Structures are given as structure tokens and as C-alpha cells.
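Reader: I would like to learn how to read the packing and the strands of a model. Could you take me through one?
Author: Gladly; let us look at it together.

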Amino acid sequence: MDSPLNARFFLLPLMATLIFTVIMPALSSLVTSPTVSGGQINSNSVLVALLDSHYTEIAELVEKALLLQTLEEAVGRHNLTVFAPRNEALERGLDPDFKRFLFEPGNLKSLQTLLLFHFIPSRIPYDSFPSARHRTLSGDQMILSSSKSGHHRADLAGVVHPDSVLRPDGIIHGIDRLLVPRSVQEDFNRRRNLAEISAVLPTGSPEVDPRTHRLKKPAPPSPAGSPPALPIYDALAPGPDIAPAPAPGPGSGKHWFDGHRQIKDFIQTLILYGGYNEFADILVNLTSLATEMGRLVSEGYVLTVLAPNDEAMAKLTADQLSEPGAPEQIIYYHLIPEYQTEESMYNAVRRFGKVRYDTLRLPHKIVAREADGSVKFGQGEGSAYLFDPDIYTDGRISVQGIDTVLFPPEESLTPAVGGAKKAAHVVKAAVSKPIRGKLMELSCRVLGAFIDRSRFTTCEERERDRDRNGRKAK
């Protein structure tokens, strides 16, 4: 029979083998794993680094948007590159109305899309910054660009703190502003405009038969015990209570639309879209056209804006812009007092061949034709193509991008042609003057044969001048 001491010596090698083969590898994996393990994030994760004092604002937005679990799963699958606006950038540059829109419970999807737009599922260090498009966790495309001077940009934001945080599972770059995807901006504009005009319902007052004092169209069936559809006093003496609301429009005195806010929205959309900064700069800084356009939209007018891109605006010379009022006249010629989309204009030119649109630069018009499957504006070398359709459409303002600055056809005349026309006019006047003198002299002679010539002072003076000139010649 074996003793207990021999049994202990037999079990010791077995326990050592179990510790080194099973328990130690599991412990080492828990210590060294920097990513998700059993639904928890390691303290060395890039998501924990967002709680740094410089990025607490964006971290609070991530928590409010209920994105922690989504980001934990993303960290477990990819290395992340985070373009995080610092706290001072969010406090300084965020519009209060836009912030209120993001925090409304019904707009949680927009807030999530905006935040996921700052995360790229790949590791992009600052020293190998590419100039390309990258798909973000929101599904939108982010444009990364780098300049020769070494300044890098992520969409419209500048990278001011590159490689701010480096972790095994990701990188954080500090940027100077919040990035807003185009879909979120359009959703914000659409909901705000709908909220402003929702007070005007497109329904008229009930029609009453004057003979029977009853509704012409029978009211829908109502449950028992509900009040009547038309009270008796309204049927006997209809007054302003059931009159239709005045329709918004020019001259109505009812500004149902906040035109200035809509103009601000489309200019901001132009800047976020990119490539139209010069046109937006003229609208905002060089002229008062933005205020005038906002007043028109408030009155009920609609506008279609043909916006030349930055390359087209760069071709304008100093002489074309130096004359007083020249920028305003150029912009006026690009404003059409109609609401047209790319589809409606293309259908019109395909059906009619050539369409003339009125502009706010009266009385000049813009001629549109169909060309190469698109719409072509103007004539000859100064024509422009609609190559960036429907940049902004909200039912009252439509912005269409074109590739050339348009001018009226009358301004394309050269000085030589104008000088020739002026010379021809002078020659015509010089030729016609002697003819009128001969006719006057002949009429005086005819009248002098029948009536006393002294009664016609003009004829008498003409005869004296002729005699005086004859003596000088002798």
C-alpha cells in the first residue's frame, strides 16, 4: 500500500503541467490584449483615450448617441483613425440651432451619422497622409488632402494636432471644427424649413350651400356624441373664423417664409459642397445680394441660381469686376425667378429645343439648349454646361452648378464693331443734312412763285446766305 507522501509527489508534476499549458496562456492573453475582450475595452484602447481632457465634448456626444457598443465592435475588427474636434472647436463653432436639432430625440439617426463620419476603419498616420477618399463608419466618403507646405485637411477641417494620441488599436488626430456630412446638413435644412411653413395648411374653408345652410360636401362620419362638423351659428352667419388663410405670395404682406435663413442655408451648403467658395464670397461679402434674395424669398418668390464654380470665377479679369456695380450685374444675370431643377430644365430643352429664361438682370434672358445629354446655357464660346446638378433644392431655392461665367450677348461686341456702328451713324447724318437743305430751298422757290416771299423768314434768310457766299467766292 502506497503512503500519502508518495501520492503527493505523484500529483506535483501533473499540476505543474496543467498550470503551464492552460492557465498561463489565458492570463498572458488577458494582459497583452489591447482590444475588446468579453465585451470590455482595455485601458490602452483608442476609445478610452477620447476621455482625455481635450476631447471630452466629443466623448459625451458619443455616449448620448448610444454608439459605445458600435465603436467597441469596430475596434475589435479594425484599427481606427479618429478625426476628433477639440473642446474649444465645438464650443466656438457649433450653431445653437444645429446643436438643438442634434439633441432632439427624433433626430438620433442624424447625430449617429454625424459622429460616425469622424471614424475611418483603417490606420492613417500623419507622416503617410494620403490624398484620397476614404469610407467612414457612417458609410459616407471623407476627402483627405495634403498640401506641399505640409498642412493636411480632413474634408473642410484642418488637422491642427496630428498624431495627438497613438494607441495599438488606433490614432486620434485633432481637428479645428466639427465635420458635418451633406446628408445631415440637408436633413437639418429640410426639417427646419418644414417646421416654419407648417402653420399654413393647404386646406380651404368648408363650403356652405346658401339655400340650405349646409355643407356642400357631406362631412365624414363621426362617432356618436361628437360635436357637429359645422355649428349652427357658423352656418347662419359665416365669418372670418372659417375663411381660408391668405396664401403666401408677393405683395400679400404675410411673410410665411424666413427667406434670410433659407439663403444662409444654401450658401452654407455651397461652402460644404466645395468648389463654389468664390461665388459664395461675392454673395456674402462684396454685395448686398444675399439680403435682397432673402427678402424676395420671404415675399414668396422662388429662385434658381446658376452658380459658376471656382475655376470659372478665377477667369474673371480685374476690368470686369472693377466697374461700380459690376459684381451685382454679373450675379443678377445668374438668377432666374423660377424654380427649376436639372430634370425640369433638361425635359424642357429636349421637348422645345431652345428655352429662354428670364433673369433678374432685366431685360436680358438666358438661352438654354440640349447638348451632350445635359443643358447648355448661352451661345458661342461663352456658353456654360450644367455639370453639377441640384446642389441645393428646398422647394423655393434651386442651385445648379455651371462651369463658365455667363454674360449677356450684347456685351460680347468688340470696340471695333461699336466704333464702326458709330462712324456709320455719323456718315448717315452728314449725308442726310444736305438733302434736307435742298428740299427746303426747292419748297421756298415753289412757294415764292405764288405768295409773297417776305412772309417766309426762313426762305428769305436762306436766299441772303446764298448771295453772301457767292460774293465771297468771287
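Reader: Is Phe98 buried or exposed?
Author: Phe98 is buried, with a relative accessible area of 5%. Buried means under 20% relative accessible area, exposed over 50%, and partly exposed in between, using a 1.4 Å probe and protein chains only. This is a predicted model, where local features need pLDDT of at least 70 and side-chain atom pairs count only at pLDDT 80 or more, while totals for chains, interfaces and linings use all residues. Residues are numbered from 1 along each chain as its sequence is written, and side-chain values use heavy atoms, with hydrogens and water left out.

Reader: Which residues is Phe98 in contact with, leaving aside its neighbours within four places in sequence?
Author: Contact means heavy atoms within 4.5 Å. By that rule, and with those neighbours set aside, Phe98 is in contact with Leu114, Val180, Val184 and Phe188.

Reader: How do I read an aromatic pair?
Author: A pair of aromatic rings is described by the distance of the centres and the angle of the planes. Rings of Phe, Tyr and Trp (its six-membered ring) pair if their centres lie within 6.5 Å; planes under 30 degrees apart count as stacked, over 60 as edge-to-face and the rest as tilted. The structure holds five aromatic pairs. For Phe98 and Phe188 the ring centres are 5.2 Å apart and the planes stand at 80 degrees, so this pair is edge-to-face. Phe98 lies in helix H6 and Phe188 in helix H8, so the pair ties together parts that are 90 residues apart in sequence. Helices (H or I, at least four residues) and strands (E, at least two) are DSSP runs, numbered from the N terminus.

Reader: Which residue forms a tilted pair with Phe188?
Author: That is Phe101, at 5.2 Å centre to centre and with 55 degrees between the planes. Both Phe101 and Phe188 are buried. Ring pairs link Phe98, Phe101 and Phe188 into a cluster.

Reader: What does Val184 touch, not counting residues up to four places away in sequence?
Author: Val184, in helix H8, touches Phe98, Phe101, Leu102, Ser110, Thr113 and Leu114 on that count. Val184 is buried, with a relative accessible area of 2%.

Reader: How do I read a nonpolar core?
Author: In soluble globular proteins, nonpolar side chains tend to be buried together. A nonpolar core is a set of buried Ala, Val, Leu, Ile, Met, Phe, Trp, Tyr and Cys residues joined through side-chain atoms within 4.5 Å. The largest one here has 32 residues, and those with the most contacts inside it are Leu50, Ile58, Phe98, Leu114, Leu115 and Ile172. Among the elements that each supply at least two residues of this core are helix H3 (56–64), strand E1 (80–85) and helix H8 (182–197). A second, separate core of 28 residues includes Phe266, Phe279, Val297 and Val405.

Reader: In what order do the strands of the open sheet run?
Author: Two strands pair if DSSP finds at least two bridges between them. Seven strands form the sheet in the order E2-E1-E7-E6-E5-E4-E3, with mixed pairing. Strand E2 (119–120) and strand E3 (132–135) stand at the edges with a single partner strand each, so one side of each is left without a neighbour in the sheet. E1 and strand E7 (residues 170–175) run parallel and are joined by six bridges; Phe83 stands opposite His173 in E7.
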